[in-house]
Amino acid sequence: MSSSDTPSAHDLQALATATPERTDAFWMPFTANRQFKKSPRLLASAEGMYYRSVDGREVLDGTAGLWCVNAGHGHPHIVGAIQKQAATLDYAPAFQMGHPLPFILAERLAAIAPDPLKHVFFTNSGSESVDTALKIALAYHRVRGEGQRTRLIGREKGYHGVGFGGISVGGMVNNRKFFGSMLPGVDHLPHTLDIKRNGFSRGLPARGAELAEDLERIVALHDASTIAAVIIEPISGSAGVVLPPEGYLKRIREICDKHGILLIFDEVITGFGRVGKAFAAQRFGVVPDMITTAKGLTNGAVPMGAVFTSKGIHDAFMHGPEGAIELFHGYTYSGHPLACAAALATLDVYESEGLFEKSIELGPYWEDAIHSLKGLPNVIDVRNYGLVGAVELAARPEGVGQRGYEVFNRCYFEQNLMVRCTGDVIALSPPLILNKEHIDRIFDRLAATIRATA
Ligand code: PXG
């Protein structure tokens, strides 16, 4: 390409805000490609609580993008930090070399993480964070002389990204069934969704803590000496917002402790203020041995993930000759300068705007608003915690997911509201900068759509 062929920045802006002429080459992720391309939902820009679509509509963001834009869109402090960093240091090698920012960022992250999770390994996504945590768990047992602990325990309906490790411990059938035998030696706890007993609970469901006892059954079956780690989401997001029954997480922690099994919380969606503290671990008062994160870490502005590990896990690796690499794992872009700049600026905003507390301040109003949908046609459950919500709809006789998709699509085109649908569950997770008027608007528009889709 000669320099005269290089598109100018102005041309790129024009391209980025209009419907593309051709849509064939791009194979879209987790999307019904043929359906989408007939009637694309394309976003051109965003500010605060709103997207603007390529056809010029202002669309209220009920989902913080995909659970990631916790500080709202286009925050000037975050934008400025990324721009400056791009012009200062575009990239530095991540292995046996470094640059200052990941060191500074890791210290700041350690300061907001629960004790003793004071060490941070950087990745580029939630999927990579999960695979990293699983690998650290296996290697941790090995460096301590317990290399026979290789078994990993996940949970039905769990979502841990799309790497082979993540789908192996995950429990969403469509994410697994096409992809062969995955990792061997994995078992699954039962999920905790029980609409019959807990339907329309406000906050955490009261019934179901005993489901944690299933871990004892799995331990008895395989023997504790073969089990490396249990990984669960404190709140499952992708499967349609599945909440932990009161007391459930504490019991899982106790059983793991009893048997020397590591506990990993996947906080890719619950991290960074979604439920009223930096991490759900803190809100629920249960501290795991590792926490996996991504999304809200950089406000979604630059891809980045992070795994928090306990001091005990980290220190177990810091033996042997000083010149030996302690963990044979990492990514070209671990601690990327742009991602670090975005994350540091995002942490500034969370702090200066008090966003981690927003889910506690607004939680009761959010809860009342979402439960006002009870009684609308086809609403069979409503679930909420912090600034997370789900409205479960009865499936149409023609097929699971059809009603959910129609509500999602009509919200977008007819009500200028972005929600998520997963099966027939409408999931909500707004930016934490929202106010009560935004909450009213979200639920007015969603209620109108649910009525219209009856
Ligand atoms: N763990 C959890 C708990 C997640 O929610 C991942 C891992 C994977 O992250 P990456 O960055 O590799 O995508 C996730 C991702 C939804 C939805 O609609 C949720 C996710 C992604 C896309 C959609 O609920 N979570």
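This report looks at one helix and at several salt bridges in a predicted model.

Some ground rules come before the details. Residues are numbered from 1 along each chain as its sequence is written, and side-chain values use heavy atoms, with hydrogens and water left out. Because the model is predicted, local features need pLDDT of at least 70 and side-chain atom pairs count only at pLDDT 80 or more, while totals for chains, interfaces and linings use all residues.

**Helix H5**

Let's begin with helix H5, which spans residues 100-112. Helices (H or I, at least four residues) and strands (E, at least two) are DSSP runs, numbered from the N terminus. Buried residues have under 20% relative accessible area, exposed ones over 50%, and partly exposed ones lie in between (1.4 Å probe, protein chains only). In H5, the residues Leu101, Pro102, Leu105, Ala106, Leu109 and Ala110 are buried. Viewed down the axis of H5, these buried residues fall within an arc of 160°, so they line one face of the helix. That arc is taken from the directions from the helix axis to the C-beta atoms. On the face of H5 turned away from the buried side sit the exposed residues Pro100, Phe103, Glu107 and Ala111.

What covers the buried residues of H5? The cover includes helix H4 (76-88), strand E4 (119-123), strand E10 (305-309) and helix H14 (337-352). Contact here means heavy atoms within 4.5 Å.

**Salt bridges**

Side chains of opposite charge can pair when their charged atoms come close. A salt bridge is counted when a side-chain nitrogen of Lys or Arg is within 4 Å of a carboxyl oxygen of Asp or Glu. By this rule the model has 23 salt bridges, including those in the table.

| Salt bridge | Closest N and O atoms |
|---|---|
| Arginine 202 and glutamate 367 | 3.4 Å |
| Arginine 383 and aspartate 381 | 2.7 Å |
| Glutamate 406 and arginine 396 | 3.0 Å |

Arginine 202 pairs with glutamate 367. Arginine 202 lies in the loop between helix H9 (195-198) and helix H10 (214-222), and glutamate 367 in helix H15 (residues 358-371), so the pair ties together parts that are 165 residues apart in sequence. Arginine 202 is partly exposed, at 44% relative accessibility.

Turning to the next pair, arginine 383 is buried at 5% relative accessible area, and aspartate 381 is buried at 2%.

Glutamate 406 forms a salt bridge with arginine 396. Glutamate 406 lies in helix H16 (residues 402-415) and arginine 396 in the loop between strand E12 (388-393) and H16, so this pair ties together parts that are 10 residues apart in sequence. Glutamate 406 is partly exposed at 24%, whereas arginine 396 is buried at 17%. A network of salt bridges links Arg396, Glu406, Arg410 and Glu414.
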